[in-house]
Amino acid sequence: MGSRLGLHLLGPPRVECDGAPVDLDRRKALALLAYLAVTGHPHRRDALVNLLWPDFDTSRGRAALRRTLYALRQALPDGCLDADRDEIGLNPEIGLWLDVDQFRQHLAECEAHGHPVAQPCPACVELLTAAVALVQGEFLSGFGLKDAFNFDDWQLFQAEELRQALSGALERLARWHASQREFE
């Protein structure tokens, strides 16, 4: 697959294909894409209907999901979605770049260094700085769905988890720079 899909979710959501903006004309399409990307695995259609259309009956919810999938397929490069009769996911071969994954990967690399987390090494400072630079605001800042409380709960949980991770990274960076007498 030649195209590279990029999702920026640490701040106002943004979708890019090969660096060019992708316009998703449905909020539920963006919500579905974000959910599939962050969770990183396929989900059953009924679970996705419950997530995004909790007030719909099964038939109406599945129809709404089909329309949303159609909108995603129209906006994204061919082959991005991996969908069958039962499950929907992102194709693992699409070359997805997700800022949330990069953020978590930088923090995990830092924690794997084998020294106390509270005492970062110079390599950790680089990783922590790179992680913090990815954050342009709250997770899915300014984005919400008026009728999908299950998605809203998931979004709030993710935002809180990422906020705590950012707070820890900033605290470690501040501690490092203070120990180096780099107060600016």
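Arg-175 and Glu-171 sit four residues apart in helix 6, so about one helical turn separates them. (Helices are DSSP runs of H or I with at least four residues, strands are runs of E with at least two, and both are numbered from the N terminus.) An α-helix has 3.6 residues a turn, so residues three or four places apart point the same way. Arg-175 and Glu-171 form a salt bridge, with the closest N and O atoms 2.7 Å apart. A salt bridge here is a side-chain nitrogen of Lys or Arg within 4 Å of a carboxyl oxygen of Asp or Glu. Arg-175 is partly exposed at 36% relative accessibility. Glu-171 is partly exposed too, at 46%. Buried means under 20% relative accessible area, exposed means over 50%, and partly exposed lies in between (1.4 Å probe, protein chains only).

This is a predicted model: local features need pLDDT of at least 70, side-chain atom pairs count only at pLDDT 80 or more, and totals for chains, interfaces and linings use all residues. Residues are numbered from 1 along each chain as its sequence is written, and side-chain values use heavy atoms, leaving out hydrogens and water.

**Salt bridges**

The whole structure holds seven salt bridges.

| Pair | N to O distance |
|---|---|
| Arg-62 and Asp-46 | 3.0 Å |
| Arg-104 and Glu-161 | 2.8 Å |
| Arg-175 and Glu-171 | 2.7 Å |

The side chains of Arg-62 and Asp-46 meet in a salt bridge. Arg-62 belongs to helix 3 (residues 58–75) and Asp-46 to helix 2, so this pair ties together parts 16 residues apart in sequence. Arg-62 is partly exposed at 26% relative accessibility. Asp-46 is partly exposed at 42%.

Arg-104 bridges to Glu-161. Arg-104 is partly exposed, with a relative accessible area of 26%. Glu-161 is partly exposed at 35%. Elsewhere, Glu-138, Glu-160 and Arg-163 are linked in a network of salt bridges.

**Helix 6**

Helix 6 spans residues 149–179. It has 31 residues and reaches 45 Å from first C-alpha to last, close to the 45 Å expected at 1.5 Å a residue. The expected span is 1.5 Å times one less than the number of residues. Its buried residues include Phe-151, Trp-154, Leu-162, Arg-172 and Trp-176. Among the elements covering the buried residues of helix 6 are helix 1 (27–39), helix 2 (45–52), helix 4 (99–111) and helix 5 (122–134). Just after helix 6, Arg-181 takes a positive phi of about 60°.

**Helices 2 and 3**

How do helix 2 and helix 3 pack, and at what angle? Their axes are 9 Å apart and the angle is about 90°. Helix 2 is therefore roughly perpendicular to helix 3. Axes are lines fitted to C-alpha atoms, for helices over the stretch in contact, and angles run from 0 to 180 degrees between N-to-C directions. Under 35 degrees counts as roughly parallel, over 145 as roughly antiparallel, 65 to 115 as roughly perpendicular, and the rest as oblique.

On the helix 2 side, Arg-45, Asp-46, Leu-48 and Val-49 meet residues of helix 3, including Gly-61, Arg-62 and Leu-65. Contact means heavy atoms within 4.5 Å. Helix 3 has 18 residues and reaches 26 Å, close to the 26 Å expected. Its buried residues are Gly-61, Ala-63, Ala-64, Leu-65, Thr-68, Leu-69, Ala-71 and Leu-72. Their cover includes helix 1, helix 2, strand 5 (81–83) and strand 6 (87–90).

Leu-81 lies in strand 5. Leu-81 is buried at 13% relative accessible area. Leu-81 and Leu-69 are 12 residues apart in sequence and 8.5 Å apart in space, C-alpha to C-alpha. Not counting residues up to four places away in sequence, Leu-81 touches Leu-36, Leu-69, Leu-72, Arg-73, Gly-89, Leu-90 and Asn-91.

**Nonpolar core**

The largest nonpolar core has 58 residues, of which Leu-9, Val-15, Leu-33, Phe-103, Phe-139 and Phe-151 touch the most other members. Helix 1 gives the largest share of this core, 10 residues. Such a core is a set of buried Ala, Val, Leu, Ile, Met, Phe, Trp, Tyr and Cys residues joined through side-chain atoms within 4.5 Å. Leaving aside neighbours within four places in sequence, Leu-33 contacts Leu-5, Leu-7, Val-15, Leu-24, Leu-72, Leu-76 and Leu-90.
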